[in-house]
Amino acid sequence: MSVRVAELAMAILMGVFSLYLMYESAELPIGWIPEEGPGGGAWPFWLSVMMLLSCVGIIVNWVRRKGVVAVFEEPYIERGILIEVGLVALSLIVTVGLFSLIGVYGALPLFLLFYLRFLGNHSWKLSGLFAVLIPIVTFFFFEITLKITLPKGFTEPLFYPLYRIFL
Amino acid sequence: MVDILQLLASGFAIAFQPQNLMLIIAGCALGLFIGAMPGLGSVNGVAILLPLTFLVPPTGAVIFLAAIYYGAMYGGAISSIMLGIPGASTAVATTFDGRPLAKQGLADKALTAAAAASFVGGTVSVVLFTFFAPPLAHVALVFGAPEEFALMMLAFATFIGLGGDDIYKTIFSICIGLVLSAVGLDIISGEPRLILGGIIGFMHGINFLVLAIGVYGIGEMLWTIEENRKAGGQPMMSKATVTVQRTMANLKEMLGTWKTTVMGSILGFFVGILPAAGATPGSLMAYGIARQISKDPDKFGKGALEGVTAPESANNAASTGSMLPMLTLGIPGSPTTAILLGGMVIWGLEPGPRLFVDHQEFVWGLIASLYAANLFALLLNIGFIPMIIWVLKLPFTILAPLIFVLCLIGGYAPTQDLFDVWLMLIFGIFGYLLRKLNYPMAPAVLAIVLGPLAEPALRQSLLISSGSFAIFFNRPYAGPIMVTAIILLLLPAVKMARRIIWKG
């Protein structure tokens, strides 16, 4: 997909999204309510209309081949970059998915190991060190000091003794 | 005048409390590092690290984040000079002459000049700030809802009238930010709104940090991964010889450029006040002017010292300038201050002129901390140049996963809802995809912070006027502000019309 095609696709996608937002906002009154002022849906509705109009503007510029992006025929994401950025994005999605399953302290070491060892080509020793160290620091900073309980999934019971010691 | 000095003195008493002093030093050091790392600037640092500041009281938190902001302005120059890659967009202009100097083996000269110019820029602008802010806040005390809304319109209008980006994409960015901020419960009727098919996670609204960390954390890192790949391999690092003797000689030479430095400082401060402008255009403008007023303009681009001092003084001054509207009017002057402002709302510090009355110790503590942060950033910068250069050699593949971890946990911390982490990932990935198509991100972040303040201001104004928009035009302060905003909004159309007439 070239940048030019991506530009059009994105403008259409965002335009459709604007329409959806208009539909959602319109569930609340979007006009003037006597004695109350503008209805609850008015603000997001009219802003979504402006979003839609700017998408139309982007498409008009695209048709007229105006602007740097609208005439750029290079690939939108090169193959190599797609793989690299895609892998990172995917690993993040998997990590967050694992948060509710095996918890932050199960997912973070896996993420760090994967990133450092396989994406970063660092040694097993260094990758392992970070995979152990970072979750420990996270635990002490967020859970103990800030008292923010992070998701633990089914590993929750394993933390009861730690809570008893530190909290 | 005497009042201001008294308040400033009381501010220093707060800034020099041991905990705050430590926060200033830690903030400066972290900021230096963040600024120096290519791909990370002050806005990324402040967005990613904001959740960590829940540890300390609000005043300390803002002082810490402001110190990061400052340190990052100093740090940006280091990679501009040593690697030829700007450490942050604010340091782009520093590469023009800083890099040639480094190639001539004079990296230490460029580094010292950059640090000293940053110090001058920071100090001049903080002094300006100290004397401008109280009267401005005093005037703004009489502002009601119509004035507040007019000011926000003005802030958004600067992006459209003065921003260099595609106008439609800028408008889109502003509107989507405002709409996202409207998700949740309608502030007046309390009804659920825009919960996109009844998803419970949207009921509590979208925290601005979710968007800020998504765009400036996740999105920015994906962007940097791409940039690094395109650049291919590690860039050449210049050598810097730092000795006390050489540093003294360098400082002496730098004194010769004082006119340029002072020009950069004052220019940067005023450019920084504008929400759409800020440190990057400020430093580029300062560079351009320095070249114009120079007796020897041909020297520029080949290693002119003025070419380093002008942009460096300007970007530091601009960062202070952007805090002026944030503190006095509640309108952020840059994406970084937008995030600071959002943080202040979380901490219960209602932004706006009332801060100067209701939270004097906070305001003056912060202002005093800027003086202190400046000094510490200078000392740390000059004293630890070798260490920062060592840090620059840290592979990005080590830094990136650590930042991702911070983003994921930081995105969870404010609301403690896993749904927000998902949302942050979506914003990050879409932010990256949109940025590749030149959609500006800063307006959206500004909008999501200002949205919850803009909507009630608009609705209250219209309620007062029973639906007439004339209320924004027939009041002594709101009128001129709104007219200025409209002129800015129309500026691109006027330019286009002129082009058509000129052509035809």
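Predicted model: local features only at pLDDT ≥ 70, side-chain atom pairs only at ≥ 80, totals over all residues.
**View 1. Chain A, piece by piece.** Count up the elements of chain A and you get six helices and two strands. The C-alpha atoms of this chain take up a box of roughly 60 × 55 × 25 Å along the principal axes. Look at the contacts in chain A with a separation of 6 or more, and 54% of them link residues 24 or more positions apart.

**View 2. Where chain B touches chain A.** Here 56 residues of chain A meet 50 residues of chain B. On the chain B side, the elements giving two or more residues are helices H8 (167-182), H9 (208-231), H19 (396-412), H20 (418-435) and H21 (442-464). What sort of residues does chain B bring to this side? Sorted by class, there are 35 nonpolar residues, ten charged ones and five polar ones.

View 3. Ala442(B) sits in helix H21 of chain B. Is this residue buried or exposed? Ala442(B) counts as buried because it has 25 C-beta neighbours inside 10 Å, and the cut-off for buried is 20 or more. Check out Val215(B) as well: it is 227 residues away from Ala442(B) along the chain, yet their C-alpha atoms are separated by 9.3 Å.

**View 4. Leu194(B), a loop residue with a positive phi.** Find the loop between strand S2 (192-193) and H9 of chain B, and you'll find Leu194(B) in it. Its phi is positive, about 55 degrees, although Leu194(B) is not a glycine.

**View 5. Gln416(B), another loop residue with a positive phi.** This time the loop is the one between H19 and H20 of chain B, and Gln416(B) is found there. Gln416(B) is a residue other than glycine, and its phi is positive, near 55 degrees. Why is Gln416(B) called exposed? It has 11 other C-beta atoms within 10 Å, and a residue is exposed if that count is 12 or fewer.

How values were computed. Residues numbered from 1 in each chain as written. Chains lettered and ligands numbered in written order. Contact = placed C-beta atoms within 7 Å. Helix = DSSP H or I, 4+ residues; strand = E, 2+ residues; numbered from the N terminus. Nonpolar A, V, L, I, M, F, W, Y, C, P; charged D, E, K, R; others polar.
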